[in-house]
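Please keep the viewer open as you read.

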Amino acid sequence: MLLSARQLSCIRQDRVLFEQLDLQLHAGEVLQIAGKNGAGKSSLLRILAGLAEPEDGEIFYQQQALSQSADDYADNLCFIGHLAGVQPQLTALENLQFWRACFGLKPADDWALLATLGLAGLEDIPCQQLSAGQQRRVSLARLWLTSAQVWILDEPFTALDQSAIAALTRRIASHCDAGGAVLLTSHQPVQVPGHSVRELTLEYRW
Amino acid sequence: MSHVAVFRATFQRELKLLARQKADWVNPLLFFIIILTLFPLGVGAKPNLLREIAPGVIWIAALLSVLLGAERQFRQDYRDGVLEQLVAARSPLLGYSLAKIAAGWLGSGLPLILVSPLLALFLGLSTEALTAVVLTLLLGTPLLSLLSALGAALTLSADKGGILLALIILPLYIPLLIFASAAVEQASFGLNYQAQLAVLAAMLCVALALVPLAVQKALKLNVG
């Protein structure tokens, strides 16, 4: 078991988003968090990524409480939130270069990678001139470079076209084959070739 | 993921951004120039009065022009989610903060130092006073950049953080303003102003040691 959470609860603006939530993520598994807008999916992902503190409950990485394994966990985590993390005045290549230094990504041929993501010819124009879907692809390029085991992705399919969605699900499948695990939110049903996707639905609560 | 690697990557990135977003460093510079050229016009043909108030005027102009761009320092990285990802990956934010502060100084402090000799002429400053202006700016503008970065980091998640930012950092600017303009004043009387410079240098050293740590912590708090 890579990641688990016990009895998590989260309160935002006096509203209980979820309480006593248990969650387990095993190696080689894809877990989709589903639920209505405002049900607390992003809040849950932020808590699991260590960005926010839960009101109550605990998170364990490889059976160890997060308070003890935080550094270890962070080294093995790739978090891409609903904000893309792309600096709009910089080009795709420059963004990748910055991430490489900050996130310890693998050295690779960035040009080839961007080409496989359908961004050939767009490598060196500022990202603000790219479409929303293309910016998303730039941000998701990190997934091809990271060696992190746990991926936490908030709405990774937003703004992507069919071919990009196919490329991303293939990448998720190969990540799971290699013993990784993915936690993602999506409003569409997610199909990952060769893997079943477990679903966890958060009820919208008043 | 060492501090040095992150510092280098962030610094290079910020230099590219300074080259691309020229308004970021041209605006504060223009603001500084405008204030200092308007003063002689507003005060009128009273060279003695102008010479007397020059130290304070130059320093107030420098202070306000650094404040002008302060709010934007971390704003974009916060809005784009860059900071969020850095915090989630527990990247060394100290290297990131230091690089941001250093690049911020290159954009908002260094240009002021470079144009200050020219502007001091408008205010009728003597050569000794002019030297003092450049020296105090050399020691003082990095301190301004450090403090404004602290304010920017603290008010990051405030929606309209501009006024809050000014309220937080203006009191911290005041000792700097007092010692820096005192140094220039002493110099214009031909007196020794090493004591004031020493105080400025001491303030800079303390800030350099402590502020990046505080900035790092404030960034983490605001993102989490």
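Buried area is the accessible area, taken with a 1.4 Å probe, that two parts lose on being put together, summed over both. Between chain B and chain A this area is about 2,500 Å², and carbon and sulfur atoms give 58% of it.

Before going on, a word on the source: this is a predicted model, in which local features need pLDDT of at least 70 and side-chain atom pairs count only at pLDDT 80 or more, while totals for chains, interfaces and linings use all residues. Residues are numbered from 1 along each chain as its sequence is written, chains are lettered from A and ligands numbered from 1 in the order in which they are written, and side-chain values use heavy atoms, with hydrogens and water left out.

**Where the chains meet**

Counting contact as heavy atoms within 4.5 Å, 28 residues of chain B touch 28 residues of chain A. Three salt bridges (a side-chain nitrogen of Lys or Arg within 4 Å of a carboxyl oxygen of Asp or Glu) are found across this interface. A:Glu94 pairs with B:Arg20 in a salt bridge, with the closest N and O atoms 2.8 Å apart.

Over all chains the count comes to twelve salt bridges. Another salt bridge joins the side chains of A:Glu29 and A:Arg198, at 2.6 Å from N to O. A:Glu29 sits in the loop between strand 2 (15-25) and strand 3 (30-35) of chain A and A:Arg198 in strand 9 (residues 197-202) of chain A, so this pair ties together parts 169 residues apart in sequence. Helices (H or I, at least four residues) and strands (E, at least two) are DSSP runs, numbered from the N terminus.

Axes are lines fitted to C-alpha atoms, for helices over the stretch in contact, and angles run from 0 to 180 degrees between N-to-C directions.

| Helix pair of chain B | Axes come within | Crossing angle |
|---|---|---|
| Helix 8 (residues 127-154) and helix 10 (residues 194-223) | 8 Å | roughly 20 degrees |
| Helix 1 (residues 3-20) and helix 6 (residues 93-108) | 8 Å | roughly 30 degrees |
| Helix 6 and helix 8 | 9 Å | roughly 125 degrees |

Angles under 35 degrees count as roughly parallel, over 145 as roughly antiparallel, 65 to 115 as roughly perpendicular and the rest as oblique. Helix 8 and helix 10 of chain B are therefore roughly parallel. By class, their contact has 23 nonpolar, two polar and no charged residues; Ala, Val, Leu, Ile, Met, Phe, Trp, Tyr, Cys and Pro count as nonpolar, Asp, Glu, Lys and Arg as charged, and the others, Gly among them, as polar.

The contact of helix 1 with helix 6 of chain B holds twelve nonpolar, four polar and three charged residues.

Finally, what makes the contact between helix 6 and helix 8 of chain B? Helix 6 of chain B brings B:Ile101, B:Gly104, B:Trp105 and B:Ser108, and helix 8 of chain B brings B:Thr141, B:Pro142, B:Ser145, B:Leu146 and B:Ala149. By class, that contact has five nonpolar, four polar and no charged residues.
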